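Hello,

Here is the structure I said I would pass on. Please open it first, then read my notes below.

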Amino acid sequence: MVWYTDLRNRKLFSEAESDWTSRRLLELRAQLAAPPPKGVPRRTKDASLIIGTWNIRDFDNNKFRHGPRRRESLHYIAEILSAFDVCALQEVNEDLGPLKDVIRLMGPGWDFIATDVTTGASGNRERMCFVYDARKVRFRNIVGEIVLPKHALLPGEQQFARTPFMVSFQAGWFRFSLCTVHIYFGEASKGSDGYARRVSEIDYIAREMASRADRENENYILLGDFNIKNPVDETMQALTKAGFQLPPEQYPSNLLGTHYYDQIAFRTQKDELTFLSSGAFDWSQTVFRPEHYEHYAPVLPKRHRDLAPDGRPRDTGKDKDYYAKRWLTWQMSDHLPLWVELAIDFSDAHLLNNLQAEFEGGDVPAQVEFTEDEGPVESPPKPAEPVRPLKKKRKPPKVAQPEKQGTLAPAPRMTFSEGWRIFWWVASGGADRVRKAKEAEKKAARPRKAKKKS
């Protein structure tokens, strides 16, 4: 549960700003509580596990001078992160102070693990991080950054632009290793050197994690910002051809809803993974909405605006575009957090596996227990007298209704027909229609100005 005590600290929030932020948090909490995929399922103690990934855009050194993030923004980010049991973060910068502020707001029990910064022109001095609820998810003391061996170096003998980060966890029965990535983007056009490098990075990390999963008999989950444009792109194929499985439904993760940059993919042991639900949480439906422009206009950074001498924008439309398309992305992000919910309570299945059909028809006496010095327990014990068979078979044990029951199976490798269907949807303007529908929905939600009476 997020701590809201800062909202009553008048050195941090005025009464008016506390009121504004509290209203936004209430609306954000209501959206999170909505049924998936619009909202996020309520976290459970041990029935399920909710894993998230979020590219949190340049968090938070303000090198582009659009920020820094406001105190209220840190509250919104903490509220969203607390909906997950564990979440991978990309684009966390060198100064960990803002992230520690978010962890503090999330309350006791939350912790994080971060890499050192990745240096170099493409590394941007970014960190990879995992934020997790230590009361639910246990760190298994295995952590490491993935580097390319000499024979697998990228053209020009290059390493990953940003070093992938792997950590092993356990939640209930479910033991798993998470590897988070932020894949190089480069040029968008196919055939370019930048695009080829992007495909190569995805191909290597997917094959490496798949090899480890098979060798170690471990559940591996590969997640993060892959910079994948759409589900039929070569970048997606580089991920799935290594045997990684995707949730049954894919969700775009950029604000416009047009690209599938972020992914959560699985290479798991047989019968150890049951999907419950998945989604991308669109926080822009609640906070920093277009109609909030008037509230934030006085605090937008002047260096990025075209203002008249009196401080008013020369073109209000362009100023609103700056607010809605640029400034808010440095308050929250230009990505949506992606999440999946997995069933992890295998208790009943483990106990049912101990049942033997041969004992259903006989009344076997209780075993004679021995101490460690006396020797092993015989199972079943040899009765002193012949045992009369039961007239009726033993009744099957009653099994409690599971709190969470998976109804979805991991998606198989994409078939040709499914790939063609997605290709045709994209080629025929399906992504554009989704984007226009979202824009129309936002436009319809804006309050209409009353017409002046003549």
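**Cis bonds and the loops that hold them**

Asp60 sits in the loop that links S1 to H2. This is a predicted model, so please read everything below as computed from it. Asp60 is joined to Phe59 by a cis peptide bond, with omega at about 0 degrees. Pro37 belongs to the loop between helix H1 (15-32) and S1. As background, most peptide bonds are trans, and most residues other than glycine have a negative phi.

**The sheet**

Next, the strands. Six of them form an open sheet in the order S3-S4-S2-S1-S11-S10, with mixed pairing. S3 and strand S10 (274-280) are the edges, each pairing on one side only. From one strand to the next, the twist averages 20 degrees. S1 and S2 run parallel and are joined by 6 bridges. Trp54 has Leu89 of S2 as its bridge partner. H2 packs on this sheet and touches S1, S2 and S3. The direction of H2 makes about 155 degrees with that of S1.

**Helix H3**

Which residues of H3 are buried? They are Pro98, Leu99, Val102, Ile103, Leu105 and Met106. Viewed down the axis of H3, these buried residues fall within an arc of 160 degrees, so they line one face of the helix. Their cover includes helix H2 (71-81), along with strands S1 (48-59), S2 (86-92), S3 (110-114) and S4 (127-133). Just after H3 comes Gly107, with a positive phi of about 95 degrees.

Two residues to look at here. Arg125 is not a glycine, yet its phi is positive, at about 55 degrees. Arg125 is in the loop between S3 and S4. Its relative accessible area is 37%, so Arg125 is partly exposed. Asn217 is also not a glycine, and its phi is positive, near 55 degrees. Asn217 lies in the loop between helix H4 (193-216) and S8. Its relative accessibility is 51%, so Asn217 counts as exposed.

**A buried loop residue**

Last, Asn227. Where is Asn227? It is in the loop between strand S8 (219-225) and helix H5 (234-240). Is Asn227 buried or exposed? Asn227 counts as buried, because its relative accessibility is 8%, under the 20% cut-off. Beyond its neighbours within four places in sequence, Asn227 contacts His182, Ile183, Tyr184, Phe185, Arg198 and Tyr261.

Best wishes

Conventions:
Residues are numbered from 1 along each chain as its sequence is written. This is a predicted model: local features need pLDDT of at least 70, side-chain atom pairs count only at pLDDT 80 or more; totals for chains, interfaces and linings use all residues. Side-chain values use heavy atoms; hydrogens and water are left out. Helices (H or I, at least four residues) and strands (E, at least two) are DSSP runs, numbered from the N terminus. Buried means under 20% relative accessible area, exposed over 50%, partly exposed in between (1.4 Å probe, protein chains only). Contact means heavy atoms within 4.5 Å. The arc is that of the directions from the helix axis to the C-beta atoms. Two strands pair if DSSP finds at least two bridges between them. Axes are lines fitted to C-alpha atoms, for helices over the stretch in contact, and angles run from 0 to 180 degrees between N-to-C directions.
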